[in-house]
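Open the model in your viewer and keep the sequence panel beside it, so that each selection can be followed in both places. The tour goes from stop to stop, saying what to select and what is found there.

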Amino acid sequence: GDLRSVLITSVLSLERLELDLFRCAGTPGHRRLFGGQIVGQALVAAARAVSRDEQVHSLHCYFVRAGDPKVPVLYEVERTHTGKSFSVRSVKAIQHGKAIFTCQASFQVSQESPVQHQFSMPAVPPPEELLTQEELIQKFLENPNLVERYRKHLTRIQAEDVPIDIKPVNPPDQFCLEPQEPKQLFWVRARGYIGETDMKVHCCVAAYISDYAFLGTALLPHRQHRIAFMVSLDHTMWFHAPFRADHWMLYECESPWAGGCRGLVQGRLWRRDGVLAVTCAQEGVIRVEQTPNQSKL
């Protein structure tokens, strides 16, 4: 469509206060700041401190404090290094005078190399053959046998205004608490039109998209537990090939490990033509409600 993506016009839009100081408005009414929004906005700030010829190739982030959705976020950029081929920009997100998030973004001037390889994209149905997340949620909610806690969870998701189109390939069975393999696949794209523009814009949008439902992959083998607390600790991305964030991409997510109240997830964003565009990794805190002992004797 011709409608400009809200991710460009609003969600990832920053106001420049000084050369390397930016601000985004708060999001009152939201329960929390979405991690993907912080990652995407930080990358926007870093990208404004490099030349047009340099493209982001990696991003390494840490979430250090909970964000406050009621107040603006300041993004302070440090021009850590500017070289002939690679440049590094450090970004600190600040609220209430304290850092809530830090990251380093590395940029590279395009270079050709005969050293090339990649994994193969999984064989999955095309997005045109799948239901959207909204259609799946509505289908689940219409079933009177849906577990009440899932009903509340899905109703909450349904009420969120998410600027992403999502089509799960293998949605988890909402009527079953049996452990499932810690893998999930879904087609994703930004809602609205972004178009041909600086590749850094599409990378910022992909940074936002990459955090959506990512850590939840680690919960699939543990669906019998009620989640007491779950939050991202760090987030890393490597950008390999050009892509359009407003075109369908396959997000392949898997969790190779969980333990010590932490879970690790890895992800790959594939273009429809089978090109591996982005690789992601994240670790987060996962705490579950403890089942009380039947007897204290």
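Begin by selecting Lys 200, which is buried, with a relative accessible area of 6%. Keep in mind throughout that this is a predicted model. What does Lys 200 form with Asp 198? The two residues form a salt bridge, in which the closest N and O atoms are 3.1 Å apart. Asp 198 is buried as well, because its relative accessible area of 12% falls under the 20% cut-off.

**Other salt bridges**

Side chains of opposite charge can pair when their charged atoms come close. Now select Lys 70 and Asp 68, whose side chains meet in a salt bridge with an N to O distance of 3.2 Å. Here Lys 70 is exposed, with a relative accessible area of 61%, whereas Asp 68 is buried, with a value of 15%.

Next select Arg 23 and Glu 15, which also form a salt bridge, their closest N and O atoms being 2.9 Å apart. Are these residues buried, exposed or partly exposed? Arg 23 counts as partly exposed, with a relative accessibility of 32%, and Glu 15 counts as partly exposed too, with 40%.

**The whole chain**

Now zoom out until the entire protein chain is in view. How many helices and strands does the secondary structure of the protein chain come to? There are five helices and twelve strands. The radius of gyration is 20 Å, close to the 19 Å that the globule rule gives for 297 residues, so the protein chain is as compact as a globular protein of that length. Turn the model about, and note that the C-alpha trace spans about 65 × 45 × 40 Å along its principal axes.

Of the 297 residues in the protein chain, 45% count as buried. If you consider the contacts between residues at least 6 apart in sequence, 73% of these contacts join residues that are at least 24 apart.

**The annotated span**

Select residues 30-108, which an unreviewed UniProt entry annotates as "domain: Acyl-CoA thioesterase-like N-terminal HotDog". This span is 16% helix and 52% strand, and its end C-alpha atoms lie 36 Å apart.

His 30 lies in the loop between strand 2 (21-24) and helix 2, and His 30 counts as exposed, with 52% relative accessibility.

Move on to Gln 37, which is found in helix 2 (residues 35-47) and counts as buried at 12% relative accessibility. Leaving aside neighbours within four places in sequence, Gln 37 is in contact with Val 11, Leu 12, Thr 27, Tyr 75 and Tyr 208.

Then select Thr 102, whose place is in strand 6 (residues 98-109) and which counts as partly exposed at 29% relative accessibility. Lys 92 is ten residues away from Thr 102 along the chain, yet the C-alpha atoms of the two are separated by 4.6 Å. Not counting residues up to four places away in sequence, Thr 102 touches His 60, Cys 61, Tyr 62, Val 91 and Lys 92.

**The nonpolar cores**

In soluble globular proteins, nonpolar side chains tend to be buried together. Which residues have the most contacts inside the largest nonpolar core? Select Leu 43, Tyr 75, Phe 101 and Phe 243 to find them, in a core that has 73 residues. Apart from neighbours within four places in sequence, the contacts of Phe 101 include Ile 38, Val 39, Ala 42, Phe 63 and Val 91. A second, separate core has eight residues, among them Leu 185, Trp 187, Leu 250 and Leu 276.

**Last stop: helix 3**

Finish with helix 3 (residues 133-141), where Leu 136, Ile 137, Phe 140 and Leu 141 are buried. Why are they on the same side of helix 3? They cover an arc of only 135° around the axis, and this puts them on the same side. An α-helix has 3.6 residues a turn, so residues three or four places apart point the same way.

How values were computed:
Residues numbered from 1 in each chain as written. Predicted model: local features only at pLDDT ≥ 70, side-chain atom pairs only at ≥ 80, totals over all residues. Heavy atoms only, no water. Salt bridge = Lys/Arg side-chain N within 4 Å of Asp/Glu carboxyl O. Buried < 20%, exposed > 50% of the residue type's maximum accessible area, 1.4 Å probe, protein only. Core = buried A, V, L, I, M, F, W, Y, C linked by side-chain atoms within 4.5 Å. Contact = heavy atoms within 4.5 Å. Helix = DSSP H or I, 4+ residues; strand = E, 2+ residues; numbered from the N terminus. Arc of directions from axis to C-beta. UniProt positions renumbered as here; feature names shortened; annotations may be inferred. Rg over C-alpha atoms; globule rule 2.2 N^0.38 Å.
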